[in-house]
Amino acid sequence: MGSWRKAATGSAGKIATDTRLAGDSARHHDDGSEAGLFTPVSRRGFLAALAIAAGLGLMGASDALAYAAVDFGPGAGYIGPSKDSGDLTHPDRTRGANDRWFGYANNWDLWNIHNDYSHRLGYAFAMVFECDWSDELYDHIVFRPFYYCTSYCATNPWRGYWLGRDDGDDNKGTCYIDGVPVGNFVGNLINDGSEGEDRHVNAYGWLYHGFYEGPGWSTFLRRRQAKTGHNVYAHIDIFNCWKNNVRPSSAIVSSQNAPKDRDMSVQTDKIYIENDLSLMGGIFKIIPVTAPNLRVDLVQGYYENNVPVARYENGRATCLHHDYDGVNQNWMFWPNKSDGLGCFTFCIANMIGPGLDRGLDNYGHTSPTMEQGYAKIWRNPESTNLTNSWWVHHEPAVTNETDHKCWFITSDADGQRLDTWGVTKDDSSTCVAVSNPACPGLWATQVNAQWDLEEVVCHGDVGLSKDEAQVGDSLKILGWHNKFKDESKSIKPAGYVLGAKNESELPVYPIFRLYMTDSEEAVASDDAAIMASCRVATWGGQQTEAYSHRHIGWPHGGHSIFSLEMRLQDSKFKGSIHYAAQRFTGGEWDEGADGSKVCSNGDYDTEIISRVKVWLTGDIADEYDLVVRTKLLGGTCAWSDPVYVHNSKDEPLTLETAPACGPEPDGSSDTKISGMNVHLIRKPTGARVVREFSAEENVEVTEEFGSGCLYAAAMLALRLPSRNTDRIWTDRYRGTVISKPCLIESASVEYYADGIDDGHRVYVDKNVHPGDRYAPIVAALEAAGKNPCNLYAHYGEDAATGFTGWFKDAALRDPAGSLEIPRKGALKLYGRNRCTLRIEYAEGSLEPDAGTVYRRKPSDSADAVDGALGLPDFTALAERHRLDKIDLPAIGDGGVGHTAFYRGESVTLAGYEDVFAKREDGTWRRLVFKGYMPDRAGGGRLSRQSRWNATRPSTPCGRMRSRTASPRQRTNDGSGRRCGLLPESAHVPDGRCA
């Protein structure tokens, strides 16, 4: 009987009684009509049944059967060459060759037609289970019913009692897998055999016919993660027959199961192929191995008024077309649905369609089929359509026929593969097929199903419209809408996006960043990449390492991440990648570098990450910047805005200074992240950013750019369907394009008068070029001079002759003689105005007289004053000048009754002791001096900060009180106007003077 294992009944529920996967149009009669399987139902009906039978992996019906040689009789029990192992999976892809089959044959069931034994009926039912075709995901299982029927009539051995082909049904059969009915069949219990030798009566008068096959049922079993046993059996009911003198009716008169005890278990092999999950989130070209210059292409060629229009509607065809930089040859691999192995299949979405959800479609194969098909494009917004679901994989690890270098792209709907249909020439162009040419033993030889994948990188040319520019100039960024003279040069890929009538609706568009360097820097080619992995909460061990620009974690999976690690590879530049993560509960940052793990010391529920920092150090920090994005697990589930990380080797970032990406942790699920990505951004060596990424293609050169070389950097960005998309994991292509430099001549000469800050910058000369010889200009001198800040020799003149001239330093020590415009920054020159302080006798004051007696007090008895009472002499004065915390040179313009100061200095003059003389009329007069600095020759207003006091003549009763002279009084600088000078500060007018 064979060593059958007891069946393990599946857990799926029974199919609803009103859901039929087939009619009985394929019922086989004894008239020689063609045997066949039941007709498949509509897509809608099939999906309804599929939803119920999902636990089984049951997928529809086929239109043909393969027949195995059968040699058994009633009561044979378990039969077939595979009965010992129960292993039903077909060993190769050739249908009908090396089929796996086994089954069960029941014994007779006999009964009387009337109340005696003179008229009798009997039958035996057998079922053969056969796998006549397999691929790497599905096994085609055939239920093949066999009937052995007989009748006995004592008076007429040639008379039969079965209904026959014209009399109506007398039996109905049902197929079961794991206890779930999966299909029905109807046999023809015939009264005789076919014409000829098969028709006979035995020696006892029985009219009989040996086992013959009736129409059956077939289905596809989806393989699983491990080798799986499925309980299979068939059941038949007999009715509409006489039994024990009871007239025929719908009442069941006999039933049989095959096997009898419903204990047969068939084994289907496990899925050996595995999706290459490192591809998730990447953008690729799909290249046939047989024709390496061709690419899978979404067919275009539509124009309106000679303007191309990108097309992406459902059902649009694909083809193999020569390689060019068209976005319609770019395919994003994003996660579609569970693959049955604990991970996900791919949606292979064309980069033309808005929303990036126009996926490669196994057109029409909504249920498994062995028929060859072809690939079209179809929208897949909900990621549930099997025909949009693909496995992208190498040959299984258990074989090594291709060195695992090429990929196979297998439809999740039927296990068939993307195929070239035999294209081997690079100039060929045809539709892309879906067929099943490869399997173990044929991975290497069936090259039609072999593909290479090439990640698409933003490349080509970007430029600036001028080679040289100055502050205030306007430039255009070339390479997209602004064309190069050579229009073949552009940012690429661009085909069927750039210049398309519907360009603004399409996902791909360029963004631009501006850099400045001190000198021209060649941007060397380099292939640096960041590899990263993490753990995903509740999903087992460390994720397979992948490129960080594709994905870190599973942003669509609804689980948080922890145990983060990153490392650099493939760069010629030395350096390290540093990163730090903060747990969602807050606390200290956990910092790591170059492959060490962070937030990995405990269980996931304590290590879940909320926000991250990533930065580069060493030489590579001079060559690359970073952009980081994270995705929230809960709350809005949104992706963060891009966080740009810019630094250099000489200006490194640290944990304290690096920018953070992600929410401030607060211990809630709303601050957990489910994934992230990190892109490298190429830059000229040591460049600084002067304008961040934007779609703006015009440039206004401003003073903030400084001097040096201006570069434009371009990347290709994506218009995402939403901020919280969980399927599109990147916001841009990999790669950066850098322009040739534009020399920015922002050189200038800045003149500063009477100070050193911006408020004292009196003139800027921009009409200069780096490296030129230079001499100070008259316009700057005119702007610097303040009237009437003159030295004594020109006192009272209308010109500002007291200016020092220009110096290279603020201390006025290094005259501006031989000058050269610097390559970087501004040449700064400094000078100051000098003002004369004059001392005279005040109006009404005593003046020295040889015959006059001078006394200490206005009294004849007071002590006499000896000595001359002339004006003070400043000739030998030791000068000290200090402004803006800088010691300035001596002016050297002192003499009797006058000296000089720098504009802005404060001066305190000490007065003489009181000296009096008695006049002829008996009154007493005081000796009083006046000091003054006129603001403008001929009149004008004085600085509001000047403080001048006057004293009225003394009387015998004492000194009169002081008052501040009015502006009108102070404007009078002629010698005929006299005011007494008190011993207090006088302020030299500052820069606010006219």
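Trainee: Is aspartate 357 buried or exposed?
Mentor: This is a predicted model: local features need pLDDT of at least 70, side-chain atom pairs count only at pLDDT 80 or more, and totals for chains, interfaces and linings use all residues. Residues are numbered from 1 along each chain as its sequence is written, and side-chain values use heavy atoms, without hydrogens or water. Relative accessible area sets the class: under 20% is buried, over 50% exposed, in between partly exposed (1.4 Å probe, protein chains only). Aspartate 357 has 9%, so the residue is buried.

Trainee: Which residue forms a salt bridge with aspartate 357?
Mentor: A salt bridge puts a side-chain nitrogen of Lys or Arg within 4 Å of a carboxyl oxygen of Asp or Glu. For aspartate 357, the closest N and O atoms are 2.9 Å apart, and the partner is arginine 379.

Trainee: Where does arginine 379 lie, and how many residues apart are the two partners?
Mentor: Strands here are DSSP runs (E, at least two residues), numbered from the N terminus. In the salt bridge of arginine 379 with aspartate 357, arginine 379 sits in strand 23, while aspartate 357 is in the loop between strand 21 (344-350) and strand 22 (358-362). The pair links distant parts of the chain, at a separation of 22 residues.

Trainee: How many residues apart are glutamate 455 and arginine 550?
Mentor: Glutamate 455 is buried at 15%, and arginine 550 is buried at 5%. Their side chains meet in a salt bridge of 2.8 Å, N to O. Glutamate 455 is in strand 28 (residues 451-455), and arginine 550 is in the loop between strand 36 (546-547) and strand 37 (552-553), which puts them apart by 95 residues.

Trainee: How many residues apart in sequence are arginine 688 and aspartate 518?
Mentor: Arginine 688 is partly exposed at 31%, whereas aspartate 518 is exposed at 52%. Their salt bridge spans 3.8 Å, N to O. Arginine 688 lies in strand 45 (residues 688-694) and aspartate 518 in the loop between strand 34 (508-517) and strand 35 (529-536), so the pair ties together parts separated by 170 residues.

Trainee: How many salt bridges does a search of the whole structure find?
Mentor: The pair of arginine 688 and aspartate 518 is a salt bridge. The search of the whole structure gives a total of 40.

Trainee: What volume of space lies in the largest pocket?
Mentor: A pocket is an open set of points on a 1 Å grid over the protein atoms alone, where a 1.4 Å probe fits, with protein on both sides within 12 Å along at least five of seven lines; lining residues have an atom within 4 Å of a point. The largest one has 30 lining residues, with Glu274, Asn275, Leu277, Cys343 and Thr544 nearest its centre. Its space comes to about 680 Å³.

Trainee: Which strand gives the most to the lining of the largest pocket?
Mentor: The lining has 13 nonpolar, 11 polar and six charged residues. Three lining residues come from the top contributor, strand 35.

Trainee: Which strand gives the most to the lining of the second largest pocket?
Mentor: This pocket holds about 570 Å³ of space. Its lining has 32 residues, with Asp526, Tyr624, Arg682, Gly735 and Thr736 nearest the centre. Strand 29 (459-460), strand 35, strand 44 (673-682) and strand 48 (737-738) each give two or more residues. Five come from the top contributor, strand 44.

Note on methods:
Helices (H or I, at least four residues) and strands (E, at least two) are DSSP runs, numbered from the N terminus. Grid points are joined across faces, edges and corners, and a volume is the space filled by probe spheres set on the points. Ala, Val, Leu, Ile, Met, Phe, Trp, Tyr, Cys and Pro count as nonpolar, Asp, Glu, Lys and Arg as charged, and the others, Gly among them, as polar.
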